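Subject: Structure handover

Hi,

Here is the structure I promised to pass on. Please open it alongside this message. My notes follow below.

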Amino acid sequence: MKNVLQRVRRIERRTGNGGAWSHETDALIRELLSKQLSLDDPELQAELLDWIESEDRNKFLNLESGETIYALSAKRGNKVYATRKTKKRDRIKTALDGKEFDVPVDGFRNRRWTRLLLVTTNFDRSQFSKEEAWAALRSTPTEGIEYRYNVMNNLNANISKIFGKHGTLTAKEAQSSGYPAPHCIYVLDKPVMVRNT
């Protein structure tokens, strides 16, 4: 049996943490919302980039054989995470395949019946700092600090009141300003009339 030499690409780290994330989530949110820390902090950004680039592995032990197996952990941006998201996307594509979601309204050039809506949300910068806007996307509160949260679930509930039952797919992306701009696709059970402007 041949020994195989594996070359490991050495990643230049921006911080001395070796790719580890040193912040507990609720404590970090409290620091950000109380303005002790900012999302614009270069050290925080550097640590986040180091953490994203680090290849964390889960350790599994086979209790019968004693064999140890290491598997790459899913982390936003890596291939394990991308594979999971691709599988989810493919399931949605399969569910939507062959279905008609948009048809013209007889007698109108600029009106259609649709069951598919794309909504991009924005935060009013006079009411939310960047940190407050990101924290507002959480579905549960952080103890010890008052702030608005659960805004996407509230939006979804309002969409239900207006359009009835539906399916939702949300992507929480950032704008170049650093503010979040979540995109939501709503698949409605019943079509609604929309007008092209």
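S3 and strand S4 (residues 111–120) run antiparallel and are joined by three bridges. Within that pairing, Pro104 has Arg112 of S4 as its bridge partner. Please keep in mind that this is a predicted model.

**The sheet**

The pair belongs to an open sheet of four strands, ordered S3-S4-S6-S5, with antiparallel pairing. Strand S3 (102–104) and strand S5 (166–171) are the edge strands, each pairing on one side only. From one strand to the next, the twist averages 35°.

S4 also pairs with S6, antiparallel, over nine bridges. There, Val119 has Cys184 of S6 as its bridge partner. On to S5: this strand pairs with S6 over six bridges, again in the antiparallel sense. Here Thr170 is the residue bridged to Cys184 in S6.

H5 (residues 151–163) lies across S4, S5 and strand S6 (183–195). Its angle to S6 is about 15°.

**Helix H1**

Which residues of H1 are buried? In this helix (residues 25–33), they are Leu28, Ile29, Leu32 and Leu33. Viewed down the H1 axis, the buried residues fall within an arc of 125°, so they line one face of the helix. They pack against two helices, H2 (42–53) and H4 (130–136).

Both ends of H1 deserve a look. After H1 comes Lys35, with a positive phi near 65°.

**Lys130**

Now go to helix H4, where Lys130 lies. Is this lysine buried or exposed? Lys130 has a relative accessible area of 15%, and buried means under 20%, so Lys130 counts as buried.

What does the Lys130 side chain make a polar contact with? The partner is the side chain of Asp40, at 2.6 Å. Leaving aside neighbours within four places in sequence, Lys130 is in contact with Leu39, Asp40, Ser177, Gly178 and Tyr179.

**Where to look**

- The H1 face lined by its buried residues.
- The side chains of Lys130 and Asp40, in polar contact.

Best wishes

Methods: Residues are numbered from 1 along each chain as its sequence is written. This is a predicted model: local features need pLDDT of at least 70, side-chain atom pairs count only at pLDDT 80 or more; totals for chains, interfaces and linings use all residues. Side-chain values use heavy atoms; hydrogens and water are left out. Buried means under 20% relative accessible area, exposed over 50%, partly exposed in between (1.4 Å probe, protein chains only). The arc is that of the directions from the helix axis to the C-beta atoms. Contact means heavy atoms within 4.5 Å. Two strands pair if DSSP finds at least two bridges between them. Axes are lines fitted to C-alpha atoms, for helices over the stretch in contact, and angles run from 0 to 180 degrees between N-to-C directions. A polar contact is a pair of N or O atoms within 3.5 Å; within protein, one must be able to donate a hydrogen and the other to accept it, and residues adjacent in sequence count only if both atoms are side-chain atoms.
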